[in-house]
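Subject: Structure handover

Hello,

Here is the structure I promised to pass on.

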Amino acid sequence: MALRILIEDSEGKSKFAPIDPEKNEITIGRNPGNFIRLKEQNVSRNHAKIYANSEGQLYIEPVAARYGLKVNSSKIVGPTPINLGDEIKIGDYRLYIQDENQPDIRKEDDTGQVFDIEPALQPRFVVISSNFAGREYHVIKSRVTIGRNPTSDIQIQHQSVSGDHAEVRRNARGEYEIKDLKSSNGTKVNGIPIDQPYVLNSGDAITLGHVTMRYCAPGDFWSLNFGINDEPPRSAITPGMLIVILAIFFLLFIIALIVVVQTMQNQQASQDSQQTTEGTEKSKREEFDNAIKLCQLAMSKGSFDEAKLHCNKAQSLFPNDEIYIHQSKQLQKELASESTYKDVVAYINEERCRDAIDSLQNIEKNTWADKKLFENNLKSKAIECLELNLFRSAMSAIKAEEYGSAEIARDEIKEFKTNSEYIIRIDDELKKARKTSAKPEAGGTPSKHKSGGGGGEAVAAPAPQKAADGDELCIKAANAKVKGQKCEAYKLYRKAKDAGITNASCKRNADSHIAAYAAECNK
């Protein structure tokens, strides 16, 4: 059986990805390295993984699902079995495991077109309230709109129904679901307001404003039966009966008059209530707009605790508003960059120069933290910090007559700053040291030391060779780290520590890198 996974985003757009969990583990997340990459911010970098056990049963398991993971609307925290047709909810995405050999009932998702439904497979809505009671509406297409507009597929002319009130669509599993289109009076299913797509079951009561309908699935022959009143038999009318009839007509006239007056009063009260509601809605919108503006202002000043308060206020008023959702994502981006900015400052103060340079890459452009980096010139400070550490390492190596190690440190400085003054100073010290070591000793022949230049017949000095090897491995590890080879740097740092490191700065870098990447590089 050939498997594939259907991926549907919040806008109804979908795509397929072929998978084989029995051969390869399927990773899902926001990082580019994942097999299935979901780019929205409410998806974690490494969110979940899908795999098969020895018996071929599929499982899904959260990895670092910061925003949660659901299977068929139930949140999961550990390995969970999944089967064909199950719905997997990750952030704003819905995923379905499918058999490639089975026909895809979601034709509109492949072609972007709505298709007609055969009469025998059409569900219906039967009105059970208001003066439209008994009227039936058939769902004749895979996606229909319900509302008061003339362009609506199902048109309901009632003042409580919005122009575009709701939408009914056939989902990936062949079920019919309804969602509210941000209508004024909302949509309810069995008396409960909905703000997400709801899968319909036969017999569900759907309320749009003040109009209630019963959902009838294909094959459900339920109908609203009013009964028939038989015509009363004719009979002769006596004068006495005529008086009684006139009295009844007069009484009915009085009653009708009272009803008309009461109806007019109710209509006036309804209009007053609607005006009050509209005024309240307008006030809420003004309060919402003000909260969004204050949130933006606080973020621009770097006052993120204050920004959270204003954004939370906006969420309490209109939690599903697109403006709030966009602002919330921007706030999360600002908070993450601010945290990284603080790490960079701390690394520079602790002279953890390489960590500072690595962290600089994780600060988002056009954020408050990015602006502070420029204002405080932190990128240059991080490079100057690394220059100084490498210069100190080179001087220590020259003092220990490890000229090759000094040259490696000098070349590493060139990778960051080709015109660094430290390069000239290292070269000058190397020339002096080599010139001094070449002078003949009193009463004997010139001593020969190991040189990084490789000229002549170099004889190894009786220096502690093991520690010298450790320092050289330490510098090679630093070069691997600069090139982004973190696990290669981890292995070299471990070998350097085993051999022994005399350079204090290099030893600190080794300890820091080993602690940071032990878990990742020992897998």
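Start with the rings: F304, Y341 and W368 are joined into a cluster by ring pairs. Please keep in mind that this is a predicted model. Across the whole structure, the search finds 6 aromatic pairs.

One of them is F125 with Y215, a tilted pair. Their centres are 5.6 Å apart, with 55° between the planes. F125 belongs to strand β12 (residues 124–127) and Y215 to strand β22 (residues 211–216), so the pair ties together parts 90 residues apart in sequence. F125 is buried, at 0% relative accessible area. Y215 counts as buried too, at 2%.

F288 and F318 make an edge-to-face pair, 5.4 Å centre to centre and 85° between the planes. F288 sits in helix α2 (residues 239–301), while F318 is in the loop between α3 (304–317) and α4. The two are 30 residues apart, and the pair links distant parts of the chain. Both F288 and F318 are buried.

The charged end of K284 sits over its ring, 5.1 Å from the centre. R285 lies over the face of F318, at 4.4 Å from the ring centre.

Now the second largest pocket. Its volume is about 1,100 Å³. There are 28 lining residues, and R30, R45, A336, T340 and N362 are the closest to the centre. α4 (322–349), α5 (353–360) and α12 (504–521) each give two or more residues to the lining. The largest share, 8 residues, comes from α4. By class, the lining has 10 charged, 10 polar and 8 nonpolar residues.

Best wishes

Definitions and conventions: Residues are numbered from 1 along each chain as its sequence is written. This is a predicted model: local features need pLDDT of at least 70, side-chain atom pairs count only at pLDDT 80 or more; totals for chains, interfaces and linings use all residues. Side-chain values use heavy atoms; hydrogens and water are left out. On a 1 Å grid over the protein atoms alone, a cavity is a set of points where a 1.4 Å probe fits but cannot get out, and a pocket is an open set with protein on both sides within 12 Å along at least five of seven lines; lining residues have an atom within 4 Å of a point. Grid points are joined across faces, edges and corners, and a volume is the space filled by probe spheres set on the points. Helices (H or I, at least four residues) and strands (E, at least two) are DSSP runs, numbered from the N terminus. Ala, Val, Leu, Ile, Met, Phe, Trp, Tyr, Cys and Pro count as nonpolar, Asp, Glu, Lys and Arg as charged, and the others, Gly among them, as polar. Rings of Phe, Tyr and Trp (its six-membered ring) pair if their centres lie within 6.5 Å; planes under 30 degrees apart count as stacked, over 60 as edge-to-face and the rest as tilted. Buried means under 20% relative accessible area, exposed over 50%, partly exposed in between (1.4 Å probe, protein chains only). A charge sits over a ring if NZ of Lys or CZ of Arg is within 6 Å of the ring centre and within 35 degrees of the ring normal.
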